[in-house]
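The stops below go from one selection to the next.

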Amino acid sequence: MAKPGYGKRTAPDQRPRMPHDFSLLPVRERYVAAFVDHLPDGAMMSVKELAKQLPLYGQQAISSALTALSVAGHLRRVRCAVGAGDEMRWVFHTFWSRTAHDNEWWIAYLATENTKRAAAPDSAPPPPWVPDEEAPPAPEDAGTEQGAESTVVPQQRPPVQPPDAETAPPAPDAAPDMPPRSEAGPSPAYLALARLGHEDRRLPLSAGDCAELEPLAAEWLARGVSVDYLISALTAGLPTQVDSPLGFTRKRLTDKIPPRIPTANSTSPGAPGPAPARRILIECTDCGRPGQPEALPDGLCRPCRTTHQPNTDNTGQAPVDPTETADIEARMANLRDLLRTV
């Protein structure tokens, strides 16, 4: 099972389970689809975990099978926002449907899910395993006073009469028992850039790089996106090797900057209200690039749709080894027998 809030989610409008489900798919995709269909909601759907449970295929084959199932209309991988404001987090779902649906159905369904989450963003709190952000350190005198209140009764001091303005001594620049005020911490944009190297080792940025790119990242945050969305947009679909992390990150910050959403005061009277905040982003099943559902037909981004050309014969299906077919059929029969006994 996945962590709370993640994993498989069953889509509606599915027909009852039948013995010949997925019979029109190639053998490998049929084998993976039958296994995924019997998984409960909340099960892990990562390629690595599925490859552990399906030893007949490796991770590359499982990834290709999931891509084919996305094209066939059985699944969509999405990022869902939970919480609101500074507490908003992005969790990852794989919506699964035993019944294949076209792109229009998936777009309408995800739009409905987005409207529900936008109408009640606080109804889905962050997962319990998400660590809270570290609170700013309390001043030393405040911590001392709190500790003293719990152990020692504070000494009662006699009230001091305020001196006259003419005889009052000049106030010192700072009270002797006040600690020096600490400098302001790094901005959220700087921290987001500093986290890139921890999220993906291909984007290690130095302190000077983060300071140089901080204004560009701050412009993203000023346009209403969260820190998690900024990090996801910068790390999604990275090439195998990034020669210049600074130049690559600068180009992405410049080219992929989101549009500025007009405020309510700037809209003219009688104009339609703003669209509900986007709380669901579909991601490419092949490379993980996030985007709007309308921009990723078949669950694939444009580069992956261009390169995704399965090796098929003249029947329109991928060639399959007969011995492999027999082995898969035996494993599926064992899986059905096991599920009947559970």
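Select Phe22, in the loop between β1 and α1 (27-37); helices (H or I, at least four residues) and strands (E, at least two) are DSSP runs, numbered from the N terminus. Residues are numbered from 1 along each chain as its sequence is written. This is a predicted model, in which local features need pLDDT of at least 70, side-chain atom pairs count only at pLDDT 80 or more, and totals for chains, interfaces and linings use all residues; side-chain values use heavy atoms, with hydrogens and water left out.

Phe22 is not a glycine, yet its phi is positive, about 65°. Most residues other than glycine have a negative phi. Phe22 is buried at 8% relative accessibility (buried means under 20% relative accessible area, exposed over 50%, partly exposed in between; 1.4 Å probe, protein chains only).

Next, select the strands. Five of them form an open sheet with mixed pairing, in the order β1-β3-β2-β4-β5; two strands pair if DSSP finds at least two bridges between them. β1 (7-10) and β5 (290-291) are the edges: each has a single partner strand, so one side of each lacks a neighbour in the sheet. β1 runs parallel to β3 (residues 89-96), with four bridges between them. Show Thr10 to find Trp96 of β3 opposite.

Move on to Asp298, in the loop between β5 and α10 (302-307). Asp298 also has a positive phi, near 65°, and is a residue other than glycine. Its relative accessible area is 24%, which makes Asp298 partly exposed.

Asp298 also lines the largest cavity, along with Arg76, Asn103, Trp106, Ile107, Leu110, Ile282, Pro293, Leu296 and Pro297. A cavity is a set of points, on a 1 Å grid over the protein atoms alone, where a 1.4 Å probe fits but cannot get out; lining residues have an atom within 4 Å of a point. How does the lining divide by residue type? Seven are nonpolar, one is polar and two are charged.

Finish with Cys284 and Cys304. Which cysteine sulfur is closest to that of Cys284? It is the one in Cys304, at 3.6 Å, too far for a bond. Cys304 is in no disulfide either, and its nearest cysteine sulfur, in Cys301, is 3.5 Å away. A disulfide needs two cysteine sulfur atoms within 2.5 Å, and the whole structure has zero. Cys284 is buried at 2% relative accessible area, and Cys304 is buried at 8%.

How values were computed:
On a 1 Å grid over the protein atoms alone, a cavity is a set of points where a 1.4 Å probe fits but cannot get out, and a pocket is an open set with protein on both sides within 12 Å along at least five of seven lines; lining residues have an atom within 4 Å of a point. Ala, Val, Leu, Ile, Met, Phe, Trp, Tyr, Cys and Pro count as nonpolar, Asp, Glu, Lys and Arg as charged, and the others, Gly among them, as polar.
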